[in-house]
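Please read them with the sequence and the structure open beside you.

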Number of protein chains: 2
Amino acid sequence: MSDTPIQDRPRGGRLPRSARRAQLFDAALEVFVANGYHAAAMDDIAERAGVSKPVLYQHFPGKLELYLALLDTSCDQVIESVRAALASTEDNKERVRATMDVFFSYVNDSQAAFRLVFESDVMNEPAVRSRVDRVTSETASAVAEVIAEDTGLAPVASELLATSLVGMGQVAARSWLDNGSALTKDEAVALVSGLSWRGIRGFPRTDDPS
Amino acid sequence: MSDTPIQDRPRGGRLPRSARRAQLFDAALEVFVANGYHAAAMDDIAERAGVSKPVLYQHFPGKLELYLALLDTSCDQVIESVRAALASTEDNKERVRATMDVFFSYVNDSQAAFRLVFESDVMNEPAVRSRVDRVTSETASAVAEVIAEDTGLAPVASELLATSLVGMGQVAARSWLDNGSALTKDEAVALVSGLSWRGIRGFPRTDDPS
DNA sequence: CTGCACGCCGATGCGCACGTCCACGGTGGT
DNA sequence: ACCACCGTGGACGTGCGCATCGGCGTGCAG
């Protein structure tokens, strides 16, 4: 009844439980990203992974759960990266740059997963909606905390501004990628974080000369 | 081929062609917005409009075409509004404010239609993807033109910055609405357009006198 | 008054994709 | 070398939703 302590790789047919699971994750991610949730067929995922459907259902109870597992990974990764970026320095200008860099890097590195978070086609499913919204709301809240501290703005205002910046990062990064990365990542980050920093920089005073 | 100049409203069962069509549009919009494309059933739309399915298919060849018709209306409306906002003044600060106001007003006024454009769940369908992307790309290009003129930045850079601002408007407006409009629309627009304007204002010089 | 034509409705076909069963082949133990 | 076992794979049932066909009530002309 103890887990079989297999440590060899019976290549091809037999894989240890966790390796198989990882492979299924990879295949599912590819298919979901390529086709979207609805167009993605469980048959395709199984075929892509080189196994048959029953094994897929031995690892995941259903299509939605599989999707949610992938989604959770991506969401947590983004949130954690933003948290790390905010904590990486005390210089707010650098904070902005690092945070923007998170979005560009994420979009750039995992061309795959970001579509699950930013272009999901299952928003009507509350479980998915909840996860996706959490990304924006959590990251925005983390940013808002810094903003509120440094500007003294009301929480609602800070949240709105933080959401604006986060949204800007998301959209800008995706747009940059879609345009074939005509600019290098660093150039793009410099531009967008410059825009953000100038915008947020002197905010305590709501009206500025000219 | 001339439109039937019917102007009476034979209420209940019989309606003139164009009135019926309008009613179907309304019903379809409600259902698509409430449930998303995939979860929306043609049966629901027909029932919502108080007619049966065959009549629906007498007006539209299929589900997708119906959706596209609604989507086109919304997309054109947004693009046109942004164009109008940019042309409404020569003062760039006011331009930014007016443009941001477009997104907030659109989200606020037609709580219905904006979800089709900003939260569509049919992105895998090229016809839809094309329409939705056109909104961001057209509006961003219009903004980018102004930016490039006034800052002398390269087209790629202007496009990226413009897309950033447009994306900020989209996300901020939706977030504002989701948060139950804790701020008035004008307050929110002031905050976000302030953020944008400060950011874009002195862009030609990459570093600003402190 | 009666026959006709028109347009709407309930009921149906069809295809697709999720989620499960029966027969097979390889593996390890004796 | 034989046998028991477990995981695999192809084939299947089922439910759902898009898209379409025969009956019917209504209004009009003769």
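1. Contact, as used throughout this note, means heavy atoms within 4.5 Å. The model is a predicted one, in which local features need pLDDT of at least 70 and side-chain atom pairs count only at pLDDT 80 or more, while totals for chains, interfaces and linings use all residues; side-chain values use heavy atoms, with hydrogens and water left out. Residues are numbered from 1 along each chain as its sequence is written, and chains are lettered from A and ligands numbered from 1 in the order in which they are written.

2. Chain A has nine helices and zero strands, where helices (H or I, at least four residues) and strands (E, at least two) are DSSP runs, numbered from the N terminus. Its C-alpha atoms fill a box of roughly 70 × 40 × 35 Å along the principal axes. Of the 210 residues in chain A, 47% are buried, a word that stands for under 20% relative accessible area, against over 50% for exposed and partly exposed in between (1.4 Å probe, protein chains only). Among contacts in chain A between residues at least 6 apart in sequence, 66% join residues at least 24 apart.

3. Within chain A, helix H5 (residues 92-109) packs with helix H9 (residues 185-201) at an angle of about 140 degrees, the axes being 9 Å apart; axes are lines fitted to C-alpha atoms, for helices over the stretch in contact, and angles run from 0 to 180 degrees between N-to-C directions. H5(A) and H9(A) are therefore oblique to each other, given that angles under 35 degrees count as roughly parallel, over 145 as roughly antiparallel, 65 to 115 as roughly perpendicular and the rest as oblique. Residues that meet in this pair include A:Val96, A:Met100 and A:Phe104 from H5(A), and A:Val192, A:Trp197 and A:Ile200 from H9(A). The residues of the contact of H5(A) with H9(A) divide into eight nonpolar, five polar and four charged; Ala, Val, Leu, Ile, Met, Phe, Trp, Tyr, Cys and Pro count as nonpolar, Asp, Glu, Lys and Arg as charged, and the others, Gly among them, as polar.

4. In chain B, H1(B) and H2(B) pack at an angle of about 145 degrees, with their axes 9 Å apart. Among the residues that meet are B:Leu24, B:Val31 and B:Phe32 in H1(B), and B:Ile45 and B:Arg48 in H2(B). The residues of this contact of H1(B) with H2(B) divide into eight nonpolar, two polar and three charged.

5. What span should helix H4 (residues 63-87) of chain B have? At 1.5 Å a residue its 25 residues should span 36 Å, which agrees with the 36 Å between its end C-alpha atoms, the expected span being 1.5 Å times one less than the number of residues. The buried residues of H4(B), among them B:Leu71, B:Cys75 and B:Val82, pack against helices of chain B that include H1 (17-39), H5 (92-109) and H7 (126-151).

6. B:Gln170, in helix H8 (residues 155-178), is buried with a relative accessible area of 9%, and, leaving aside neighbours within four places in sequence, is in contact with B:Phe103, B:Phe118 and B:Thr136. B:Ile200, in helix H9 (residues 185-201) of chain B, is buried with a relative accessible area of 9%. Not counting residues up to four places away in sequence, B:Ile200 touches A:Leu195, B:Val96, B:Ile147, B:Leu161 and B:Leu165.
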